[in-house]
Amino acid sequence: MDWITDHVFKPYPELLIFLTVALGFLVGRLHWKAVGLGAVTGCLIAGLFTGWLTGVEVNATVKSVFFIMFLFALGYKVGPQFFRGLRKDGLPQVAVTLAVCVTGLVVCWAFADMLGYGPGLGAGLLGGALTQSAVIGVAQDAIGTLPGLSHDQVAAEQNLVPIGYAVTYPLGTVLCAILLANIAPRLLRSDLAADSRRLAAELDAPADDPDLGEGYYEVVLRAYITENGLAGSTIEQIEQREKDADRRIYLTRVRRDGAILPHDQQTVIRHGDVVAVSALRHDLVAFDPVRSIGPETDDVELLDYQTEHLHVVVSEKDQLGKTIAELRREPFMVGVFVDKLYRSGAEFPFVLATQLERGDTLVLSGPQRLVDPAGRRLGKPVPTSFATDMTWVGLGIFLGGCIGIPALTLGGVPISLSTSGGALIMGLVFGWIRGRHPTYGNVPPGAQWFMDTLGLCAFVAIVGINAGPSFTSGLSQAGWGLLLWGAVATVVPLVVGVLVGHFGFRMRAPILMGVVAGAQTTTAAIGAVNEASRSQIPTLGYTIPYAAGNVLLTIWGAVIVALLG
């Protein structure tokens, strides 16, 4: 091992970083039911191990590059949802988020002060108990600005941050998932699965719709020979009759005397025409096409027209605020189906009553000649592109870092956003701008994942590597009581959030569990809640609190250092 350390890892520490990340992702796959360690915790554990084993120290600049990249991507992803949550319709969820986050800060500060923890262990307790990994980097940056500390003291306190986090985070994640998925619903006398079904039925009113039902959406395309009906009516008249019967059935193509006719809504269907029918499977079964049209045929050329799945960012003012049900009735949506809806970069489980908001991305499907005009009426079509606008990303990180440099002095302690905090704020702003003006600043999902997930995991791996040699002594200094106090610091904010949401805002249990999971930014918890609900309905309450909680808990990393410094 000494030979590998001396001849590989010490001269080439970049190789140790990638080895640690690989091991971390492997460790992160360990899970029990819906709760797992996750890649971030896995990378921290792997980093502590490889750092303890090799004694290698990685340059701080490399660590900062990964962290600032992660924070910008985080802000960019949640920016539209964060600012939307500040509006009136999101205020109850934001209020619960504030209750959870502020309670968490106060409890962690009180425990750290009572136990005599310094800013390092105090910040680690906060980051782990509230399951916010970004606290590590922000707190370490803030510790570096504390006056009166020697270089060795700063390094010692910075190394205690990941130690406190590593001790408290795994239990914090498990407790959050168990409390929200099992204990809290029972205390509220709620059956999450039954309540989610009832809530889904209410949101889907006025009718059961396979277009928008949970996990079921299927557009079928069939060809039929006109023998039993339709003859003598125009395509427009036929589609209007079916629309009046609450069925979405469209005639997308017609073959007559062996030739395919140009599409025209005023085309009169004749006996013997072969028509291509596009519909929802449910509607087609109710329509009974063999009886209503004639026998089915397999006409490859007729059915082989160009279809499209187009991503459209909703931005047109006259479409904002409309529900999915209202959108479906628009003339330009004839023959066009809504496949998916994305909000804040994540798939959103929409229903008939879901209102369109600026920055939402709809995935439209149907014939290209119909989808393209529909997309333009809704907002800005965004063709799939894998190219990242690095001018936009680089400029955002640079400007964010610049606004984070200036510091105010409070009680002799310099307080600033730091370059990392500035990158987070500018990511929020740039993400919001992108949501309103989606024609530039493209950062595709793959690039966002790379900056977000790998940026954080590589940063945490480096933190673990640098803290590894002092992990044993740091843990003995902290004591195993840290584990107990961390568990209490996890549970108290969750209980406060549930009580505020239930008694203060009368939130339905499935939504409330999603709100509190989002406020504490615990992905494992929302997974466990969805599993207990047998539904994606709790996710409706997750997105706004997740955006706000990410911002607040990240900032708390600097605040608790100032309080304990």
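**Note on the predicted model**

1. Of the 565 residues in the protein, 54% are buried. The model under review is predicted. Its accessible surface comes to about 24600 Å², and carbon and sulfur atoms account for 61% of that area.

2. The secondary structure consists of 23 helices and 14 strands. Among contacts in the protein with a separation of 6 or more, 80% join residues 24 or more positions apart.

3. An open sheet is formed by five strands, in the order β5-β4-β6-β3-β7, with antiparallel pairing.

4. Tyr224 stands opposite Val275 of β6.

5. The structure contains seven aromatic pairs. In the pair of Tyr250 and Phe337, the ring centres lie 6.0 Å apart and the planes meet at 70 degrees; the pair is therefore edge-to-face, since the angle is over 60 degrees. This pair links distant parts of the chain, with Tyr250 in strand β4 (residues 249–256) and Phe337 in strand β9 (residues 337–343), 87 residues apart. Tyr250 and Phe337 are both buried.

6. A further point concerns aromatic clustering. Phe72, Tyr76, Trp392 and Phe430 together form one aromatic cluster.

How values were computed
Residues numbered from 1 in each chain as written. Predicted model: local features only at pLDDT ≥ 70, side-chain atom pairs only at ≥ 80, totals over all residues. Heavy atoms only, no water. Helix = DSSP H or I, 4+ residues; strand = E, 2+ residues; numbered from the N terminus. Buried < 20%, exposed > 50% of the residue type's maximum accessible area, 1.4 Å probe, protein only. Contact = heavy atoms within 4.5 Å. Areas by Shrake-Rupley, 256 points an atom, 1.4 Å probe, with all protein chains shown as cover. Phe/Tyr/Trp six-rings, centres within 6.5 Å; stacked < 30°, edge-to-face > 60°. Pairing = 2+ DSSP bridges.
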